[in-house]
Amino acid sequence: MATLAPRSHALLVLRRPRLRTPRARAAAPRARGAPVPPQAARPRRVFLGLGAAFVDQLARMASGGAPSRSFVASARPRQGVSPVEQVILKNVEWPDEFPFKAEDFSRFDESSDGLFYSVPRYVTHIDDQAIEALTKYYSEVLPPKNTAGVAILDMCSSWVSHYPPGYKQEKIVGMGMNEDELKRNPVLTEYVVQDLNVNPKLPFEDNTFDVITNVVSVDYLTKPIDVFKEMRRILKPSGLAIMSFSNRCFWTKAISIWTSTGDADHAWIVGAYFHYAGGFEPPEAADISPNPGRTDPMYVVQSRKRIA
């Protein structure tokens, strides 16, 4: 551990969906940092598609009808509507057990993450328009700057956090994999170097943080439930966890279930993490993409720690 001294968007409630996942399929490798390929261009194991049959099943479940036991459907979003904004599922139930298997969290490149991230990358992983959209979103949901007693954790951080210009709090901790990058991040008051895939235990006291952010990195977590349980532990009651993601990643290091599913499915995957970690309010999803189809998409799934 190293330390550096001193809504206007519509949110869609993801509540207790009952789902099943088929076994993982292999996906063809592609270049680092590239978008996740279109579903039609690659083998796809469906997690939560948005096909009409699937939506019909959910509707029957919500209305007391008898749903099919298998939720497998192709992705057919309504014209002109974001697939993520179609993730409006209410009055349905999650499976009793976490529906993923160990192979869902395998990766094409299982070599050391410490080695992979050992060289600083002073680049951004989403385009300027997506960054601007995320920064605007943060300006609407983060506590006002210089709010007394506020503490924020930027998880999977690097040399930039995409917070609003001039944003400051008494305590903003960055946790990441590369110390040189973290040293360059001007918003941080301190930092921690830690590989969450090796050690998901967070080195903070209970009820420490008001907000946890994670930008385009939730797809790299191989022990997500352990990490989300730790997030719940270190958040203050009603504290907010904001997971943002796009369709761009280091493909070889992203988990199998992420690279073999689409954007709307990703919202459900992150929603499942919150649900199965326990102690969170029903998660909410937002599509904050600035120019759908023309620039990088940007999505948010967030939840608050439930007040005991």
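Helices (H or I, at least four residues) and strands (E, at least two) are DSSP runs, numbered from the N terminus. This is a predicted model, in which local features need pLDDT of at least 70, side-chain atom pairs count only at pLDDT 80 or more, and totals for chains, interfaces and linings use all residues. Residues are numbered from 1 along each chain as its sequence is written, and side-chain values use heavy atoms, with hydrogens and water left out.

**Exercise 1.** Find which strands each supply at least two residues of the lining of the largest pocket.

*Solution.* Start with the term: on a 1 Å grid over the protein atoms alone, a pocket is an open set of points where a 1.4 Å probe fits, with protein on both sides within 12 Å along at least five of seven lines, and lining residues have an atom within 4 Å of a point. Next, look around Tyr 117, Cys 156, Ser 157, Ser 217 and Tyr 220, the closest to the centre among the 35 lining residues. Now follow the strands: strand 2 (151-157) and strand 3 (171-176) are the ones to pick. Strand 2 gives the largest share, 4 residues.

**Exercise 2.** Decide whether helix 5 is mostly covered or uncovered, and find what its buried residues pack against.

*Solution.* Count the buried residues (under 20% relative accessible area, 1.4 Å probe, protein chains only). Helix 5, residues 224-234, has 8 of 11 buried, and is mostly covered. Among them are Pro 224, Phe 228 and Ile 234. Finally, trace their partners: strand 2, strand 5 (209-215), strand 6 (235-245) and helix 7 (263-277).

How values were computed:
Buried means under 20% relative accessible area, exposed over 50%, partly exposed in between (1.4 Å probe, protein chains only). Contact means heavy atoms within 4.5 Å.
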